[in-house]
Every structure is written in structure tokens, then in C-alpha cells.
Amino acid sequence: MKLRRTGAFALASSLAVGSLTMLALGGGASATPVTNVTYAYDFPGPDFELIPLVVAQDQGYFSQAGLHVKVVFPPDTSTTTKLLVTGAANIGFITTTDMGVAINAGAPVLSIGNYTMSNNWALFAKPGVALTANNLKSELKGKKIFSYGDTWTESMLPFVLKKAGLTDKQVDIVTDPTGQDFKFLLAGKVNIATNTSNYEVAGFDTSGLKGKEPTLLGTAVGAPNIPIWVYATSQSYAKSNPKTVSSFMSAVKKGTLWAIANPTKAAVEFDKAYPKSGYTDAYNLDGWKLTIPFMANSSGQYFTQTSAQWATMSQALKSINLISSVPSPSTYYTNKFLP
Amino acid sequence: MNELLQLDNIAKSFGSTVALEPTSLTIEDGSFVAIVGPSGCGKSTLFNVIAGLLKPDSGEVHVANQVVTGTSGHVGYMLQKDLLMPWRTVEDNITMAARLTRGVTPEDRAEARRVASQYGLGEFLRHYPHALSGGMRQRVAFMRTLVTRHPLLLLDEPFGALDAQTRLEMQQWLLQVWKEAGRTVLFITHDVDESIFLSDRVLVMSPRPGRIIADFANPLERPRSLDVLTDLRFVELKSQILHLLHGAS
Amino acid sequence: MDSNPQKAPLSTMNIDRATLPRSSVRVTRSRRRAVLRNVGIPILSIALLLLLWEAIVVVFHVAPYIAPRPLAAIQSVTDNWGSLWPLVLGTIRETIYGFVCGTILGIGLGVVMAKAPFLHRMVYPVLVLSQGVPIIALGAPIVLILGFGIAPKVVIVAWIVFFPVTVNVVAGLSHVDQDLLNLARVYGASEWRTFFLIEIPASSTSLFAGLKIGATYAVTGAIIGELVSPSGASGSLALYQEHANTNFNVAAVYGTTMVMTAIGISWFLLIVASEVVATPWQRRTVARRSLFHREPGVDLTSTGH
């Protein structure tokens with residue numbers, strides 16, 4: 001999953017950050033034995049989506065649950081799943097489409113909870129350019145559309161094109177894994193950028209540029225409203241450490257709710273935990289605030305997964321031939337570890 | 001007899017070092033003149049001035065009654081290093097001078113082949129230099145010098161890098177070729193024996209400052225066989241030269 | 001025996017016996033053996049490597065989504081050859097264009113710097129600086145100037161290639177034997193003839209050393225170029241692999257790596273082959289018969305013994 005702002009500076013510093021150990025803070029020194037858990041993020045460096053975990057750490061929720069959590073960062077955005085199946089990491093952060101292709105390849109991963117509950121993937125244009133759901137066809141036809149080349153974007157684009165009544169030959173999809181979308185967009189080298197709204201808008205807000213970046217949510221133009229990111233583990237780890245997984249998710253939920261209730265303080269805790277993340281404090285706060293609206297579903301639920309979301313996801317992957325067959329949704333997930 | 005080479009008060013200094021004091025010299029056409037002297041006596045500087053590589057501080061160089069001071073392309077020149085181009089065959093090396101100036105003609109190539117087969121290297125025309133022995137390479141270098149048809153040939157210790165056995169054979173070979181080709185040769189050497197064996201005339205030079213200190217006529221008759229090496233006149237001339245070079249005892 | 005009867009050839013001297021060339025029959029036989037050695041052994045070691053890979057996967061029960069068996073990787077390539085071939089061609093094209101540009105630039109710059117010491121002193125630090133810039137950081141600026149397409153990749157490959165070529169050309173030209181240059185001057189050679197007939201061939205060893213180094217990195221440069229500068233709808237080999245990686249198609253990832261390696265090795269071997277052709281004196285004792293210098297009536301085989 002590569003939907004991020006990766007300006008060169010962020011990439012360089014995230015490579016420098018590497019793997020960090022978070023020290024257990026606070027909490028009473030209880031007599032309960034401590035379990036070590038290695039948590040793998042989905043990106044080579046920390047950013048604001050890690051805030052719920054930082055809070056769970058800082059507020060002592062992990063230590064209260066008898067957990068010592070070590071956060072590791074993969075060398076690239078495709079490796080987290082592999083870390084889970086080899087046991088190099090116990091619990092990780094990946095996308096639902098990562099889950100889809102992994103299960104298809106036979107990798108025994110298991111999704112244990114949604115991160116966001118809805119789809120905040122969107123299309124963006126240069127300030128001043130029109131981008132609306134009504135004139136989608138004319139706004140996209142013959143245009144250069146930026147893609148990170150990741151599975152999520154590739155799954156979403158066909159929905160949008162279908163809604164616009166265009167084939168993929170009628171647009172020019174520019175694929176760049178290094179993610180220079182912002183630069184290309186502003187320089188006019190691409191007409192439309194794609195990204196998740198929290199990252200893109202936070203980046204724009206803190207860029208010092210005037211105006212607003214026209215944003216068109218994917219769900220407004222045909223994309224299904226399915227969650228993007230999930231917490232996952234390997235099937236074997238879930239089988240042999242059910243209590244640990246449950247305690248982990250319980251602590252993460254507490255951290256999430258606290259961070260939603262106290263976004264400013266939560267962002268500050270992140271800044272303190274990762275001072276060399278390469279992102280400014282303003283960006284972290286803005287990004288987290290932009291993520292919050294998508295964390296709960298319309299019924300006010302957090303984390304809970306549905307068969308429908310997984311079925312939709314796997315259908316989308318099958319339709320672009322990224323998986324060979326559609327398994328039953330229960331293959332992908334369980335909610336039993338949720339508090 | 002014709003004077004092929006004439007030097008009028010040639011002098012050369014490098015900074016504060018006087019490499020060559022004002023020197024005058026006349027070389028007759030067809031003669032073989034040896035120059036002996038220790039390092040720093042100015043013999044190489046003399047050669048470089050005659051060849052036009054160096055401009056003298058004063059004086060003129062005349063070759064065949066033409067003033068050639070500071071210009072090049074009027075003498076044949078050969079060093080201790082054969083300076084054969086490794087990327088060219090023997091034949092191409094022999095025709096090197098033509099290739100570097102006006103271009104190689106079929107006549108040049110025919111001449112190269114003739115000279116090579118005449119002097120024993122006819123089978124090696126398409127060989128590369130690295131396949132040849134040191135002696136063979138020096139012979140190729142000499143043929144290269146020969147085909148330029150310059151009447152004056154400057155040879156700067158051409159056999160210095162060869163072993164004693166090969167050197168003797170090369171000296172005899174050189175005498176034969178010189179006789180047949182009819183050129184004028186100026187030959188620098190460290191080896192007193194070699195200077196007497198080969199030459200009609202021996203010039204002795206001395207350093208600090210570089211100058212000619214003696215000019216001996218060589219009494220030995222031609223053709224020279226190996227017997228001359230033990231001839232009394234040979235030994236006497238050698239003794240005189242050695243004393244000059246290393247001081248009276 | 002001898003074509004010129006009046007002058008007996010001086011070829012019975014001991015110095016001739018010192019190095020007589022090997023007979024042509026022996027040369028052919030040993031060359032055949034050398035080819036067998038130089039080609040057979042690498043192929044054998046590659047085959048052994050593949051066998052080792054297969055053994056590791058089987059013995060350690062490595063899951064197919066972690067690492068594939070070599071045959072699976074190869075099959076992924078052959079199964080998808082239709083879509084891979086245009087991408088391979090693209091990478092090859094980028095490599096060749098970039099290498100040629102880098103070589104021309106490298107030789108040009110090298111000659112200028114060797115001939116003008118003042119320029120050398122000014123330009124050399126800039127050159128070294130250029131290599132300090134991480135290639136990955138070059139991507140976006142180049143694309144903003146040159147757009148999507150082959151140009152940014154060519155620039156990146158040229159960037160990587162030109163430096164070793166420049167350095168080696170400068171080194172080669174500065175180490176031409178000064179005595180040889182003096183000799184050329186004594187013969188009255190012009191500057192141009194001295195340059196083309198002596199200085200350039202004399203630096204050929206250095207030049208090819210530089211070209212071989214550049215060739216080694218040229219394909220890597222093309223791949224990096226494909227990663228950091230988008231290719232539009234046509235795609236690229238690197239993106240194909242990137243895509244396979246994000247989609248857990250491990251066999252395709254390994255397969256494309258094999259393809260990229262093959263391209264890299266082939267290009268290097270091509271440069272080595274061109275060195276063999278361009279510098280025959282390094283391997284042969286006798287030159288091939290030239291097509292140009294044939295003279296009617298002169299039979300070289302009868303020049304005696």
C-alpha cells in the first residue's frame with residue numbers, strides 16, 4: 001500500500017528511521033509476565049496513521065495488558081505481509097487488497113480488525129481545475145491520471161472509469177511507485193492525482209500553497225465504500241496466541257478512542273515518539289484530524305469487519321485479474337479478537 | 001667529402017643548469033660517429049636539438065646545408081626503447097613515419113616488405129610487436145628509421161636494453177645494414193667497446209657543463225670482425241677514452 | 001627460398017630463434033579449448049546455482065509465496081513472454097541509447113580535459129560531485145524537464161556511464177609514452193595525426209576498461225530510471241516487477257530478476273566482444289589478413305625462411 005505523501009525528504013528520513021523500539025512507559029510495575037509483540041507498519045517510516053498505537057503505548061494501555069510492543073518498519077510497502085507469514089512480525093498493518101492478493105497466493109494471513117471503516121480514497125486536481133462528479137467524463141477523458149501502481153489504486157480506478165463511461169485506453173494512467181504525484185500535479189505533468197484524502201489534503205494544507213486542492217471522493221464516483229487498512233496477523237499466530245491478539249486489539253481500541261477524543265495531545269505524543277519522522281507537527285495533527293471522520297462507520301462502530309466488505313474487495317480484484325478465484329469472505333477475516 | 005651535419009655554437013640550458021656549452025661540430029656524409037659520455041654530459045640534449053625537439057638557446061643546426069634549427073622531420077631517430085606501437089603489425093610499424101605525415105602509399109608498403117625480408121624479419125610482417133624478442137623489436141625500430149630515407153640517423157643507445165650476447169649480434173647486424181644502406185649515423189653509447197667497434201670517429205663528452213672534450217679518429221679498418229676487439233689499436237684507443245671518462249690515474 | 005637473390009637475408013641469427021611464433025595449428029586448437037573454458041564453465045556454474053536454489057526450496061519447504069522454485073520463476077517469464085517482450089525491448093533500448101550517449105559524452109569530455117589542463121582542474125570536481133548525487137533523487141527533476149517516456153531513463157543511464165568513461169579516457173591519454181610522442185614529432189607528424197594514430201589507440205585499454213565498468217551498471221541504471229520516472233501507459237520492466245511484488249506474484253518477481261540479469265550480462269559481454277574485435281593485438285600474435293593491403297604479384301608466403 002503506497003498511498004502516502006512521499007516527498008524526497010520524507011523518504012530519506014523514513015529510511016533513516018528504520019526500526020525503532022518504543023519503550024514501555026508508565027503503568028504500574030505489575031507482576032503479570034510481559035509478552036513481546038512485534039508490530040509491523042505498512043510503510044518504511046512512521047506517520048500519523050500510527051498515532052493510535054503511539055497513544056496505546058504512551059497511555060500505558062499496552063503495559064496494562066501485559067504487552068511489550070516493538071514497532072518495526074518494512075523496507076518497502078510490499079513486505080509487511082511477508083513479515084507476518086514468516087513470523088518476523090506478529091501483528092501488522094496492511095490494506096485489504098494486500099490481504100486479497102496474499103490469500104490468493106496461499107499466504108496464511110488473517111485480518112483482525114478494520115482501521116478506518118470507510119473509503120477515503122479520492123481524485124485530486126490542481127487548484128483552480130474543475131473536478132466534479134457531474135462532468136467526470138469530460139474531466140477525465142484523454143487526461144493523465146497519476147497512480148502509485150499499488151493494488152488499492154488499481155482496484156479503485158476501474159470503478160471510476162466505469163462511472164465516467166471511459167475505457168482505460170481513453171485515459172493515460174501514469175504509474176510512479178516513488179509517489180511524486182504532488183510535484184507532477186503542480187507542474188502540470190499529470191492532470192489528476194489519486195491518493196487517500198487524509199494524506200493528500202494534509203500535505204496540501206501544510207505546503208504553503210494557496211487555495212484548496214479540488215477533491216473528489218472515490219465513493220462519489222462509483223468506488224465501493226470499503227475500508228482500506230486493516231490490522232492483520234498470521235493464521236498460526238492467531239491460533240497459538242489468541243489472548244495476546246485480543247489484549248493487543250483491546251489496547252489499540254483504547255488508544256484509538258483516546259486519540260480521537262484528544263487529537264492535539266495525541267499528535268504531540270506522536271511528535272515526541274518520532275521526532276525524526278520527517279513530517280512537521282502541523283502535518284501530523286492535520287493528517288490525524290482528517291483521518292478521524294473515517295474511523296467509525298455510520299452506526300458509530302469501530303474496527304468491526306463485514307463479509308460484504310471482503311466480498312466486494314475480492315470481486316474487484318478478480319475483475320482486474322489480480323486474483324484467480326474469489327474465496328468465501330470468511331477466509332479473510334475474523335472479528336473474534338475485537339473487544 | 002660532403003658535410004652532412006653542421007652545428008654552429010649550439011648551447012642549451014635548463015634553468016640554471018648548463019646542459020650543453022656552446023658546441024660546434026661537423027659530421028661528414030656517410031660516416032659513423034660515436035658519442036660516449038657519462039650521464040648528464042649533454043649527449044641526449046645534443047640529439048634532441050639536432051632532431052628539432054628542443055630549440056637551442058643559441059646557434060644554428062644545418063643538415064645538408066639547410067638551416068633546420070628548431071624544426072623536425074629531417075632526421076631519423078631511434079631510442080633505447082623500441083617505441084613500436086603495440087596495436088600495429090610489424091609492417092605497419094615500419095611504415096609509421098609515412099602514416100604520420102603524408103599517408104602510406106603502396107610503394108611504402110613494398111619498401112617495408114623488402115627491407116624486412118632483406119634483414120631477416122620477412123616472416124614476421126603481420127606479427128604484433130609483443131610476439132617478438134627484444135632484439136627483433138629493435139631491428140624493426142631500425143627498419144622504421146631506415147625507410148624514412150633521411151640521410152642522417154640519430155641512434156640513442158639503441159642496444160642498451162639488450163643482453164650482451166644479443167648486443168654483439170645486433171652490432172654486427174647494424175654494421176652490415178649501414179654499409180648497404182649508405183647513411184650517416186650518430187650513435188650515442190655508454191659502452192666504450194661498442195663505440196670503437198662501430199665507429200669511424202669517437203666524440204667524448206663530459207658533464208658540468210656538457211661539452212665535447214675529445215674527438216678521436218678511429219684507425220681500425222673496415223669491415224670490422226670480432227678480432228678487432230683485441231687489436232692493440234683498439235685497446236689503446238679504449239684506454240685513452242677511459243682515462244678521459246674516469247680521470248687520469 | 002628468397003625472392004631477392006642479391007641480398008642474402010640475415011635470418012639465421014640466434015636472436016631469431018628466441019621467439020618463433022607458435023604454429024597456426026596449435027593456435028587454433030588452444031583457442032578452441034579456451035572458448036570451451038570461457039563459455040562452458042560459466043554456463044555450468046549457472047546451472048549448478050539453479051540446482052542449489054531448487055534444492056534449498058525443496059529441502060527447507062520454502063512456501064511458494066516466499067520464494068519460488070527456479071522452474072516456476074522461469075515459467076512465469078515464458079508464460080507471459082508476450083507482454084514481457086516489449087518491456088524487455090524498452091529496457092534494452094534505454095540501455096543502448098543511454099550507454100551510447102554516456103560514452104560519447106565521456107570520450108568527448110575526457111579528450112577535452114586531457115588536452116586542456118585548466119579545464120581539467122575546473123571540471124573534475126564537478127564531475128565527482130555529479131556522481132555523489134543519489135540517482136534516485138534525480139528522478140523527479142528530470143521527469144519535470146523531460147516528461148514521461150524514454151528520455152529520463154536515457155539521461156540516468158548516461159549519467160552513470162559517462163563518469164568511468166571520462167576518468168579512464170583522461171587516464172589513458174595522460175599516460176601515453178612521452179618518448180613515443182616525441183618520436184612522432186621528430187618524424188614531423190601533425191597534432192591531429194598524432195592524436196588519431198597514436199594517442200587514441202594507446203588509450204584503448206583504458207577506454208575499454210571504462211566502457212566495461214559503465215556497461216556493468218548501465219542496465220541497473222535503466223531499471224532505476226524506470227522506477228523513478230514513470231513510463232505512461234506503455235509500462236516498463238521495472239514496473240512490471242514492482243507490480244508483481246505488490247500483488248504477491250513471487251514467481252514473476254524472481255523471473256523478472258532473471259530477465260534483468262540476463263540483459264545486464266548480455267550487454268557486458270557485448271562490450272567485451274567489441275573489445276576483442278577492436279583490440280586484436282591483445283590476444284593474437286599475428287594479425288588477420290587484411291582485406292585492404294593486398295598487392296597483386298606479391299606473395300608473402302615465399303619470403304623465405
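Predicted model: local features only at pLDDT ≥ 70, side-chain atom pairs only at ≥ 80, totals over all residues.
**Entry 1. Chains**

I looked first at which chains meet. Two pairs of chains are in contact, and of these I found that chains B and C share the most contacts. I found no contact joining chain A and chain B. The closest C-alpha atoms of chains A and B lie 49 Å apart.

I then turned to the side of chain C that touches chain A. There, 24 residues of chain C are in contact with 26 residues of chain A. I noted that H6, H10 (204-228) and H11 (237-246) of chain C each supply at least two residues of this side. Sorted by class, this side of chain C has 16 nonpolar, seven polar and one charged residues.

**Entry 2. Chain C as a whole**

I counted twelve helices and zero strands in chain C. Of its 305 residues, 34% are buried. I also looked up how far along the sequence its contacts reach. Among contacts between residues at least 6 apart in sequence, 79% join residues at least 24 apart.

**Entry 3. Helices H6 and H7 of chain C**

I examined the packing of H6 (residues 135-146) and H7 (residues 151-174) in chain C. Their axes are 9 Å apart and form an angle of about 140°. Angles over 145 degrees count as roughly antiparallel and 65 to 115 as roughly perpendicular, and I therefore recorded H6(C) and H7(C) as oblique to each other. Their crossing is right-handed.

I listed the residues that make the contact. H6(C) contributes C:Ile135, C:Leu138, C:Ile142, C:Val143 and C:Leu146. H7(C) contributes C:Ala151, C:Pro152, C:Val155, C:Ile156 and C:Ile160. By class, I found ten nonpolar residues in this contact, with no polar and no charged ones.

**Entry 4. Nonpolar cores**

I looked up the largest nonpolar core, which has 148 residues. The members that touch the most others are A:Ile51, A:Val109, A:Ala232, A:Phe270, C:Val157 and C:Ala218. H7(C) gives the most to this core, with 15 residues.

Not counting residues up to four places away in sequence, C:Ala218 touches C:Thr95, C:Gly98, C:Phe99, C:Val157, C:Ile160, C:Val161 and C:Trp267. Another core, of 81 residues, lies apart from the largest one. Among its members I noted B:Leu4, B:Trp87, B:Met96 and C:Leu183.

**Entry 5. A:Phe270**

I located A:Phe270 in helix H12 (residues 263-273) of chain A. Leaving aside neighbours within four places in sequence, I found A:Phe270 in contact with A:Phe48, A:Leu50, A:Ile51, A:Val54 and A:Asn284. I also checked A:Phe270 against A:Met295, 25 residues apart along the chain; their C-alpha atoms are separated by 18 Å.

**Entry 6. C:Leu183**

I located C:Leu183 in helix H8 (residues 178-186) of chain C. C:Leu183 is buried, because 26 other C-beta atoms lie within 10 Å. Leaving aside neighbours within four places in sequence, I found C:Leu183 in contact with B:Tyr77 and B:Leu83. C:Leu183 and C:Ile200 are 17 residues apart in sequence, and I recorded a C-alpha to C-alpha distance of 16 Å between them.

Note on methods: Residues numbered from 1 in each chain as written. Chains lettered and ligands numbered in written order. Axes fitted to C-alpha atoms, helices over the stretch in contact; angles between N-to-C directions. Helix = DSSP H or I, 4+ residues; strand = E, 2+ residues; numbered from the N terminus. Parallel < 35°, antiparallel > 145°, perpendicular 65-115°, else oblique. Left-handed = near helix turned anticlockwise from the far one by under 90°. Contact = placed C-beta atoms within 7 Å. Nonpolar A, V, L, I, M, F, W, Y, C, P; charged D, E, K, R; others polar. Core = buried A, V, L, I, M, F, W, Y, C linked by C-beta atoms within 7 Å. Buried ≥ 20, exposed ≤ 12 C-beta atoms within 10 Å, placed from the backbone.
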